[in-house]
Amino acid sequence: MRHTTRSAALAVAFAILLTPALAGCIGNPVEQIVEGAVEQAGGGDVDLNSDGGLPDGFPTEVPLYDGEIVGGMGVGVADGGGWTVIVKVADPEASFTSINDQLVAAGFESQFSGFSDGTGTGMYQGANYGVLVTVADDGSGQVTATYIVSANSAE
């Protein structure tokens with residue numbers, strides 16, 4: 001089960017990176033492409049939400065930066081899968097510090113947290129979820145925070 005959850009989480013991360021490029025070129029069969037990739041990885045159902053909303057089942061115990069949600073995606077959430085959410089932020093360093101503080105205040109333990117050369121990365125572990133956050137320029141001059149959230153697997 002743990003391998004399946006990690007495979008699904010990696011598929012979510014990969015798919016969310018490709019979504020903007022694919023969606024702009026070919027309309028919106030992106031969800032079908034992603035679903036196929038996730039099924040092959042052993043994931044399950046997919047909720048691709050590129051219209052600014054949270055994906056279905058996104059855990060309320062994971063605080064998000066107060067910014068515009070650019071898009072999100074959930075994979076296999078009925079079976080404890082994972083989610084990716086992208087939020088626009090302003091100042092990279094101040095935003096990353098705020099995100100770190102929010103997660104710690106919500107009971108997530110920082111496994112790693114650092115900011116260097118305009119990019120922040122942090123890994124956090126909570127009672128029910130693990131969170132990987134990156135804050136960086138998305139390549140177009142817009143700074144975003146990308147949250148990759150996975151449900152802890154039952155051991």
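The questions and answers below go through the fold, the strand pairing, the aromatic pairs and the surface of one predicted model.

Residues are numbered from 1 along each chain as its sequence is written, and side-chain values use heavy atoms, with hydrogens and water left out. Because the model is predicted, local features need pLDDT of at least 70 and side-chain atom pairs count only at pLDDT 80 or more, whereas totals for chains, interfaces and linings use all residues.

Q: In what order do the elements of the protein run from the N terminus on?
A: Helices (H or I, at least four residues) and strands (E, at least two) are DSSP runs, numbered from the N terminus. There are three helices and seven strands in the protein. Their order from the N terminus is α-α-β-β-β-α-β-β-β-β.

Q: What percentage of the residues of the protein count as buried?
A: A residue is buried under 20% relative accessible area, exposed over 50% and partly exposed in between (1.4 Å probe, protein chains only). Applied to the 155 residues of the protein, this gives a buried share of 42%.

Q: How many bridges pair strand 4 with strand 5, and in which sense?
A: Two strands pair if DSSP finds at least two bridges between them. Strand 4 covers residues 109–116 and strand 5 covers residues 119–125, and they form a hairpin with two residues between them, where Asp 117 in the turn has a positive phi of about 50°. One of the bridges joins Glu 109 to Gln 125 in strand 5. The pairing is antiparallel, and the number of bridges is seven.

Q: Which residue in strand 6 is the bridge partner of Gly 120?
A: Strand 5 and strand 6 (residues 129–137) run antiparallel and are joined by six bridges. They also form a hairpin, with three residues between them. In strand 6, the partner of Gly 120 is Val 135.

Q: Which kind of pair do the rings of Trp 83 and Tyr 129 form?
A: Rings of Phe, Tyr and Trp (its six-membered ring) pair if their centres lie within 6.5 Å, and planes under 30 degrees apart count as stacked, over 60 as edge-to-face and the rest as tilted. A search of the whole structure finds three aromatic pairs. For Trp 83 and Tyr 129 the centres are 5.8 Å apart and the planes stand at 70°, so the pair is edge-to-face.

Q: How many residues apart in sequence are the parts that Trp 83 and Tyr 129 tie together?
A: Trp 83 is buried at a relative accessible area of 3%, and Tyr 129 counts as buried at 16%. Ring pairs also link these two with Phe 58 into a cluster. Because Trp 83 lies in strand 3 and Tyr 129 in strand 6, the parts tied together are separated in sequence by 46 residues.

Q: Why do the rings of Phe 96 and Phe 115 count as a tilted pair?
A: Phe 96 lies in helix 3 (residues 92–105) and Phe 115 in strand 4, so the pair ties together parts that are 19 residues apart in sequence. Phe 96 counts as buried at 5% relative accessibility, whereas Phe 115 counts as partly exposed at 28%. The ring centres are 6.2 Å apart, and the pair is tilted because the planes are at 40°.

Q: Which residue meets Lys 88 in a salt bridge?
A: A salt bridge is a side-chain nitrogen of Lys or Arg within 4 Å of a carboxyl oxygen of Asp or Glu, and a search of the whole structure finds one. Its N to O distance is 3.5 Å. It links Lys 88 in strand 3 with the loop between strand 1 (46–49) and strand 2 (69–75), 20 residues apart. The partner of Lys 88 is Glu 68.
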